[in-house]
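I wrote down what I looked up, in the order in which I looked.

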Amino acid sequence: MATILIDADACPVVNETIRIAGKFGFRCVLICDTTHEMHRDGAETIIVSKGADAVDFVLVNRVQKNDIVVTQDYGLAAMVLAKQGHPIDQNGRLYTNDNIDQLLYARHTAQKVRMAGGRLRGPKKRSKESDVKFEESLKQLCTQLIQEIND
């Protein structure tokens, strides 16, 4: 059975993900650094040393084909796709081979604007609708994976 790995540093849908993983019988793993350490019933926790991209490297080394990864990080999502995993963000958007290049390019462009002294708007405030959309997308992805694995 597949595993759901969570890039747990600042992830707003940890509890929802653990609950859905349990419903579908998926193993759930939280990966966080020492400054964001958390433990939850229903999930295994892996704690890594604090450092730039430390969680990302541990996660990408653990992901297997058909695993689900919950992350907000486009770079990590691209690496998960390369390993035939299924990345999804906290709002329920699936990262795919069809949208990842555009997302990475937008991130690169935003970094250039910030480095030149420009400012960009931050993300919208999290809403209950975002949680519902995430849960619906994750349930749909879990159902799809179970069907693919059983075929």
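**Entry 1: H2 against H3.** I began with the contact between two helices, in which Asp56, Leu59 and Val60 of H2 meet Leu76, Met79 and Val80 of H3. Sorted by class, this contact of H2 with H3 holds five nonpolar residues, no polar ones and one charged residue. I note here that the model is a predicted one, and I read every value below with that in mind.

H2 and H3 pack at an angle of about 15 degrees, and their axes are 10 Å apart. Because angles under 35 degrees count as roughly parallel, H2 is roughly parallel to H3. The crossing in which H2 passes H3 is right-handed.

I then asked which residues of H2 are buried. I found Ala54, Val55, Asp56, Leu59 and Val60 to be buried in H2, and the cover over the buried residues of H2 includes S1, S2, S3, S4 and H3.

**Entry 2: the chain and its sheet.** I stepped back to the whole protein chain, which has five helices and five strands. Read from the N terminus, its elements follow the order β-α-β-β-α-β-α-β-α-α. Of its 151 residues, 43% count as buried, and among the contacts between residues at least 6 apart in sequence, 49% join residues at least 24 apart.

The five strands form an open sheet with parallel pairing, and its order is S3-S2-S1-S4-S5. Strand S3 (44-48) and strand S5 (86-88) are the edge strands, each of which pairs on one side only. From one strand to the next the twist averages 20 degrees.

Looking at one pair in detail, I found five bridges between strand S1 (residues 3-7) and strand S2 (residues 27-33), which run parallel, and I saw Thr3 opposite Arg27 in S2. I also followed helix H3 (residues 74-82) and found that H3 lies across S1, strand S4 (68-70) and S5, running at about 160 degrees to S5.

**Entry 3: H1 against H5.** I next looked up how H1 sits against helix H5 (residues 128-150): the two pack at an angle of about 30 degrees, with their axes 10 Å apart. That angle makes H1 roughly parallel to H5, and H1 passes H5 in a right-handed crossing.

On the H1 side of this contact I listed Glu16, Thr17, Arg19, Ile20, Lys23 and Phe24, which meet Asp131, Phe134, Glu135, Leu138, Lys139, Cys142, Thr143 and Ile146 in H5. By class, the contact of H1 with H5 has six nonpolar, two polar and six charged residues.

Is Thr17 buried or exposed? Thr17 is buried, because its relative accessible area is 0%. Leaving aside residues up to four places away in sequence, Thr17 touches Ile4, Ile6, Cys28, Val70, Phe134 and Leu138.

**Entry 4: a loop residue, Gln90.** I located Gln90 in the loop between S5 and helix H4 (100-115). Gln90 counts as buried because its relative accessibility is 13%, and the cut-off for buried is under 20%. Not counting residues up to four places away in sequence, Gln90 touches Pro12, Val13, Thr71, Gln72, Arg126, Ser130 and Phe134. I also looked up the C-alpha atoms of Gln90 and Asp131, which are separated by 7.7 Å although the two residues are 41 residues apart along the chain.

**Entry 5: positive phi values.** I checked the backbone angles last, with the general rule that most residues other than glycine have a negative phi. Ala10, which is not a glycine, has a positive phi of about 65 degrees, and I found it in the loop between S1 and helix H1 (14-24). Ala10 is exposed, with a relative accessible area of 58%.

Asn66 also has a positive phi, near 75 degrees, in a residue other than glycine, and its place is in the loop between helix H2 (54-62) and S4. Is Asn66 buried or exposed? Asn66 is buried, because its relative accessible area is 19% and buried means under 20%.

Methods. Residues numbered from 1 in each chain as written. Predicted model: local features only at pLDDT ≥ 70, side-chain atom pairs only at ≥ 80, totals over all residues. Heavy atoms only, no water. Pairing = 2+ DSSP bridges. Helix = DSSP H or I, 4+ residues; strand = E, 2+ residues; numbered from the N terminus. Axes fitted to C-alpha atoms, helices over the stretch in contact; angles between N-to-C directions. Contact = heavy atoms within 4.5 Å. Buried < 20%, exposed > 50% of the residue type's maximum accessible area, 1.4 Å probe, protein only. Parallel < 35°, antiparallel > 145°, perpendicular 65-115°, else oblique. Left-handed = near helix turned anticlockwise from the far one by under 90°. Nonpolar A, V, L, I, M, F, W, Y, C, P; charged D, E, K, R; others polar.
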